[in-house]
Amino acid sequence: MEPQKEISQPTNKIETPGKDQEERCCSNICDKNDEKEPSSPNQGDFSDPVYKELALANGTINRMNREELRAKCAELKLDTRGVKDVLKKRLKSYYKRQKLMHSAAAGGNGDVYYDYICVVDFEATCEENNPPDYLHEIIEFPMVLIDTHTLEIVDSFQEYVKPEVNMQLSDFCVKLTGITQKMVDEADTFHTVLKRAVSWLQKKELGTKYSYMFLTDGSWDMGKFLYTQCRLSRIRYPKFAGKWINIRKSYGNFYKVPRTQTKLICMLENLGMHYEGRPHCGLDDSRNIGRIAIHMLKDGCQLRVNECLHLGEPRSVPISAPIEGAPAPQNPRSRD
């Protein structure tokens, strides 16, 4: 769920009671990775002739206009949708993969870091003008699972959640999300829904047989909504949600676009796609975010963790951090 008014990603401290020692230990996962980033993420031998060939190919691509780029994509049987910068990145990534595939400089297959990516986009209680101390409670818990090898959405999870503080939904919230009072009144509380979400993840053997990572549209889902909800429900923040991929950051860095072009609708349109479903339905939002992630993987983006929770606030994860999947999901534990 994206805030209605443009708000900077949540770096402000969340006004909640004091943090217990367990939360500090869990949120300190970023500390060991706060080392200086290397000057280059790849320390390979760039004197290999393949890199000169790539530089020449990139120069040619940079001189193409949009119609020439689309024609070349069509010739190579690549997706021809998207704005000029997206088409350029798609072609450059294609040639890079092809060249490195037939070169000793490849050094192995590094197309994907995780077997599965799990997209999460919570919907939460809200007012038209939220006061500074307003406590957002999760009212929809959706997940969409992407197989990074087949590049397909293979399953989804969705449950509504009964709020316990702001029990009466505002008219604004109902209109925005499409979630009615009856839906949440008949739903279970967050603690119960989280257990079923964990069970769903466990049945997929995520974190045991298969590696996986969560992906969100911004920092709010994990850094504010899930963190606040766990405190309200008096359960410990789940360790398996301690790190995630912020697709806005990944998209902006990969396609070299400003932050203003990393909103959901804008990302879809720049990739030549349209929103499918109802905006601010958590499951539909998650599916559309998943479509963007699949498109980026096809274009050669190596989606990896770029944010984590540190002392109750989201923090960037440096590119020098080790690549690790999320730990196996465990049932929620009550706070002491």
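The chain exposes about 16600 Å². Carbon and sulfur atoms supply 50% of that area. The model is predicted. Buried residues make up 48% of the 336 residues in the chain.

The chain has 11 helices and eight strands. Consider contacts between residues with a separation of 6 or more: 72% of them join residues 24 or more positions apart.

**The cores**

The largest nonpolar core holds 68 residues. Within this core, Phe141, Met143, Phe214 and Ile292 touch the most other members. Take Met143 and leave aside its neighbours within four places in sequence. Met143 is then in contact with residues including Cys118, Val119, Val120, Phe157, Trp200, Leu201, Phe214 and Leu283. Asp155 and Ser156 are also among the contacts of Met143. Another core, of eight residues, lies apart from the largest one. Among its members are Ile61, Met64, Cys73 and Leu78.

**Glu307**

Glu307 lies in strand β7, which covers residues 307-310. Is Glu307 buried or exposed? Glu307 counts as buried because its relative accessibility is 2%, and buried means under 20%.

Which side chains make polar contacts with the side chain of Glu307? The table gives two.

| Side-chain pair | Polar contact |
|---|---|
| Glu307 and Ser219 | 2.8 Å |
| Glu307 and Lys249 | 2.9 Å |

Conventions. Residues numbered from 1 in each chain as written. Predicted model: local features only at pLDDT ≥ 70, side-chain atom pairs only at ≥ 80, totals over all residues. Heavy atoms only, no water. Helix = DSSP H or I, 4+ residues; strand = E, 2+ residues; numbered from the N terminus. Buried < 20%, exposed > 50% of the residue type's maximum accessible area, 1.4 Å probe, protein only. Polar contact = N/O pair within 3.5 Å; in protein donor to acceptor, adjacent residues only side chain to side chain. Core = buried A, V, L, I, M, F, W, Y, C linked by side-chain atoms within 4.5 Å. Contact = heavy atoms within 4.5 Å. Areas by Shrake-Rupley, 256 points an atom, 1.4 Å probe, with all protein chains shown as cover.
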